[in-house]
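Look at the structure and keep it in view.

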Amino acid sequence: LDTLEKWVTEIFSEIPNNGLPKPSFGHLTQPFDTPEFHKLYRVVPIRKVHSLSITWALPPQEQYYRVKPLHYISWLVGHEGKGSVLSFLRKKFWALALYGGNGETGFEQNSTYSIFSISVTLTDEGYKHFYEVAHVVFQYVKMLQKRGPDKRQVIWEEIQKIEANEFHYQEQTDPVDYVESLCENMQLFQKEDFLTGDQLLFEYKPEV
């Protein structure tokens with residue numbers, strides 16, 4: 001470690017620090033032409049696959065990294081057990097898989113907006129009923145909205161424990177990739193959260 005520290009100091013100490021704050025584009029509150037969002041777009045794929053993607057543009061969520069509200073919602077939406085959206089759609093033979101979430105960096109989350117997407121891989125029969133599939137997804141999201149998060153702290157704590165286990169027992173990654181990831185984290189999180197801010201859930205805040 002002493003040798004590595006010496007090398008880093010020698011190599012990087014000459015880079016000037018201009019003292020400027022991190023750029024923020026939070027003043028751009030309407031980055032999208034949102035009327036265009038309220039439409040259905042059909043795209044012909046190269047390979048034979050039917051996929052329905054529903055996307056929402058939300059206010060920026062990166063300041064809530066200790067709560068991770070979109071991760072929490074994606075966990076509920078992506079649940080595959082009894083009573084889930086996917087379970088219902090599979091019984092109808094309309095869907096093969098369902099994914100919901102936010103990438104938490106880059107295009108999907110920044111200082112201007114956050115993207116939340118739900119993608120459903122449809123069967124041939126499901127493609128014929130994609131309006132009904134979309135309706136089911138919106139019904140489920142509406143149900144979550146009506147019931148609210150107050151009674152769901154147990155689920156949040158379950159997610160927290162699972163993510164903590166995955167963090168503690170994760171496989172070793174390529175050092176170059178790990179350093180790159182840490183450098184990105186240094187731009188996003190408080191100092192004490194550089195190592196964990198992109199993976200762990202720290203605080204339960206139902207209002208968020």
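Q: Which residues lie nearest the centre of the largest pocket, and how many residues line it?
A: In this predicted model, the lining has 24 residues. Nearest the centre lie K39, L40, Y41, L52 and S53. The space in this pocket is about 980 Å³.

Q: What makes a residue part of a pocket lining?
A: A lining residue has an atom within 4 Å of a point of the pocket. For the largest pocket, β1 (50-58) and α5 (130-147) each supply at least two such residues. β1 gives the most, with seven residues.

Q: Why is Y41 called exposed?
A: The label needs a relative accessible area over 50%. Y41 has 52%, so Y41 is exposed. Y41 sits in the loop between α1 and β1. Its C-alpha atom is 45 Å from that of G19, 22 residues apart along the chain.

Q: Why is V133 called buried?
A: Buried means under 20% relative accessible area. V133 has 0%, so V133 counts as buried. V133 belongs to helix α5. V133 and V85 are 48 residues apart in sequence, but their C-alpha atoms are 9.3 Å apart in space.

Q: How much of the protein chain is buried?
A: Buried residues make up 29% of its 208 residues.

Q: Which elements does the protein chain have, and what is their order?
A: There are seven helices and three strands. From the N terminus on, they run α-β-α-α-β-β-α-α-α-α. The C-alpha trace spans about 65 × 40 × 40 Å along its principal axes.

Q: How do you know that the span of helix α7 agrees with what a helix should show?
A: Helix α7 covers residues 175-188, which is 14 residues. The expected span is 1.5 Å times one less than the number of residues. That gives 20 Å, and the end C-alpha atoms are 20 Å apart, so the two values agree.

Q: What makes D174 a cap of α7?
A: A side-chain oxygen of D174 lies 2.9 Å from the backbone nitrogen of V176. A polar contact needs an N or O pair within 3.5 Å.

Q: Why are the rings of F32 and F37 called a tilted pair?
A: The structure holds nine aromatic pairs. In the pair of F32 and F37, the ring centres are 5.3 Å apart and the planes stand at 40°. Rings pair if their centres lie within 6.5 Å, and this pair passes. Stacked needs an angle under 30 degrees, and edge-to-face one over 60.

Q: Which residues form one aromatic cluster with F32 and F37?
A: F107 and Y113 belong to the cluster with them. F32 is partly exposed at 23%. F37 is partly exposed at 32%.

Q: How do you know that the charge of R66 sits over the ring of F202?
A: The distance limit is 6 Å from the ring centre. The charged end of R66 is 4.2 Å from the centre of the F202 ring. The charge also has to be within 35 degrees of the ring normal. R66 counts as sitting over the ring of F202.

Q: What marks the phi angles of K68 and F93?
A: Both are positive in a residue other than glycine. Phi is near 55° for K68 and near 60° for F93. K68 is in the loop between β1 and α2 (69-77). F93 is in the loop between α3 (85-91) and β2 (95-101).

Q: Are K68 and F93 buried or exposed?
A: K68 has 6%, under the 20% cut-off, so K68 is buried. F93 has 61%, over the 50% cut-off, so F93 is exposed.

Note on methods. Residues numbered from 1 in each chain as written. Predicted model: local features only at pLDDT ≥ 70, side-chain atom pairs only at ≥ 80, totals over all residues. Heavy atoms only, no water. Helix = DSSP H or I, 4+ residues; strand = E, 2+ residues; numbered from the N terminus. Polar contact = N/O pair within 3.5 Å; in protein donor to acceptor, adjacent residues only side chain to side chain. Phe/Tyr/Trp six-rings, centres within 6.5 Å; stacked < 30°, edge-to-face > 60°. Buried < 20%, exposed > 50% of the residue type's maximum accessible area, 1.4 Å probe, protein only. 1 Å grid on protein atoms, 1.4 Å probe; cavity = no way out; pocket = protein on both sides within 12 Å on 5 of 7 lines; lining within 4 Å. Points joined across faces, edges and corners; volume = space filled by probe spheres on them.
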